[in-house]
Amino acid sequence: MIEAAILCLALNAYHEARGEGPLGMAAVSQVVLNRVESGDRRWPRDVCRVVYQGGPRPLYRCQFSWYCDGKSDRSRDARAWREAWIVAEAMLVGG
């Protein structure tokens, strides 16, 4: 289960902040973790559910633009993907 959370957090960090380096990726990841831990009923208590919350319907817009932009979600920048994975893993399991 932690592996799935790392993957979701890394995908989100990669797509939202790959051009900002590890600090930008960590900031985006912290937004997700803050929502998970907030206790606010607007946010799911699961990393993947926060990342994928919403959808293309007007009343339920995506929380993170990459998820609903209609573009491929494949990572194409190997260096940025490695950074995103390392950031996500560090934020969820330490390191």
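Guide: The buried residues of helix 1 are Ala-5, Ile-6, Cys-8, Leu-9, Ala-10, Leu-11, Asn-12, Ala-13, Tyr-14, His-15 and Ala-17. The model in view is a predicted one.

Two packed helices are described by the angle between their axes and the distance between the axes. For helix 1 and helix 5, the axes come within 8 Å and cross at roughly 130°. Angles over 145 degrees would count as roughly antiparallel and those from 65 to 115 as roughly perpendicular; helix 1 and helix 5 are therefore oblique to each other. Their crossing is right-handed. On the side of helix 1, the contact is made by Ile-2, Glu-3, Ala-5, Ile-6, Leu-7, Leu-9, Ala-10, Leu-11, Ala-13 and Tyr-14. Helix 5 contributes Ala-80, Trp-81, Ala-84, Trp-85, Ala-88, Glu-89, Met-91, Leu-92 and Val-93. By class, the contact of helix 1 with helix 5 has 17 nonpolar and 2 charged residues, with no polar residue.

The packing of helix 1 on helix 2 may be described in the same terms. Here the angle is about 125° and the axes are 9 Å apart, and helix 1 and helix 2 are therefore likewise oblique to each other. Helix 1 passes helix 2 in a right-handed crossing. Leu-9, Asn-12, Ala-13, Glu-16 and Ala-17 of helix 1 meet Gly-21, Gly-24, Met-25, Val-28, Ser-29, Val-32 and Leu-33 of helix 2. The residues of the contact of helix 1 with helix 2 divide into 7 nonpolar, 4 polar and 1 charged.

Two residues of helix 1 may be taken individually. Ala-13 lies in helix 1, and because its relative accessibility is 1%, Ala-13 counts as buried. Ala-13 takes part in the contact with helix 5 and in the contact with helix 2. Leaving out residues up to four places away in sequence, Ala-13 touches Arg-18, Met-25, Val-28, Ser-29 and Ala-84. Ala-13 and Ala-80 are 67 residues apart along the chain, and their C-alpha atoms are separated by 9.4 Å.

Cys-8 also has its place in helix 1. At 7% relative accessibility, against a cut-off of 20%, Cys-8 counts as buried. Beyond residues up to four places away in sequence, Cys-8 touches Val-47, Cys-48, Val-51 and Tyr-52. Between Cys-8 and Val-93 there are 85 residues in sequence and 14 Å in space, C-alpha to C-alpha.

The description now passes to helix 2 itself. Helix 2 has 17 residues, and from its first C-alpha to its last it reaches 24 Å, close to the 24 Å expected at 1.5 Å a residue. Its buried residues are Gly-21, Gly-24, Met-25, Val-28, Ser-29, Val-32, Leu-33, Arg-35 and Val-36, and these pack against helix 1, helix 3 and helix 5. Just after helix 2, Gly-39 takes a positive phi of about 80°.

Helix 2 and helix 5 are also in contact with one another. Their axes come within 9 Å and cross at roughly 45°, which makes helix 2 oblique to helix 5. Helix 2 passes helix 5 in a right-handed crossing. The contact is made by Gly-21, Pro-22, Met-25, Ala-26, Ser-29, Gln-30 and Leu-33 of helix 2 and by Ala-80, Glu-83, Ala-84, Val-87, Met-91 and Leu-92 of helix 5. By class, the contact of helix 2 with helix 5 has 9 nonpolar, 3 polar and 1 charged residues.

Helix 3 supplies the final residue of this account. Val-50 lies in helix 3, and at 0% relative accessibility Val-50 counts as buried. Leaving aside neighbours within four places in sequence, Val-50 is in contact with Val-32, Arg-35, Val-36, Pro-44, Gln-63 and Phe-64. Val-32, Arg-35 and Val-36 are among the buried residues of helix 2. Val-50 and Cys-62 are 12 residues apart in sequence and 9.7 Å apart in space, C-alpha to C-alpha.

Notes:
Residues numbered from 1 in each chain as written. Predicted model: local features only at pLDDT ≥ 70, side-chain atom pairs only at ≥ 80, totals over all residues. Heavy atoms only, no water. Buried < 20%, exposed > 50% of the residue type's maximum accessible area, 1.4 Å probe, protein only. Helix = DSSP H or I, 4+ residues; strand = E, 2+ residues; numbered from the N terminus. Axes fitted to C-alpha atoms, helices over the stretch in contact; angles between N-to-C directions. Parallel < 35°, antiparallel > 145°, perpendicular 65-115°, else oblique. Left-handed = near helix turned anticlockwise from the far one by under 90°. Contact = heavy atoms within 4.5 Å. Nonpolar A, V, L, I, M, F, W, Y, C, P; charged D, E, K, R; others polar. Expected span 1.5 Å × (residues − 1).
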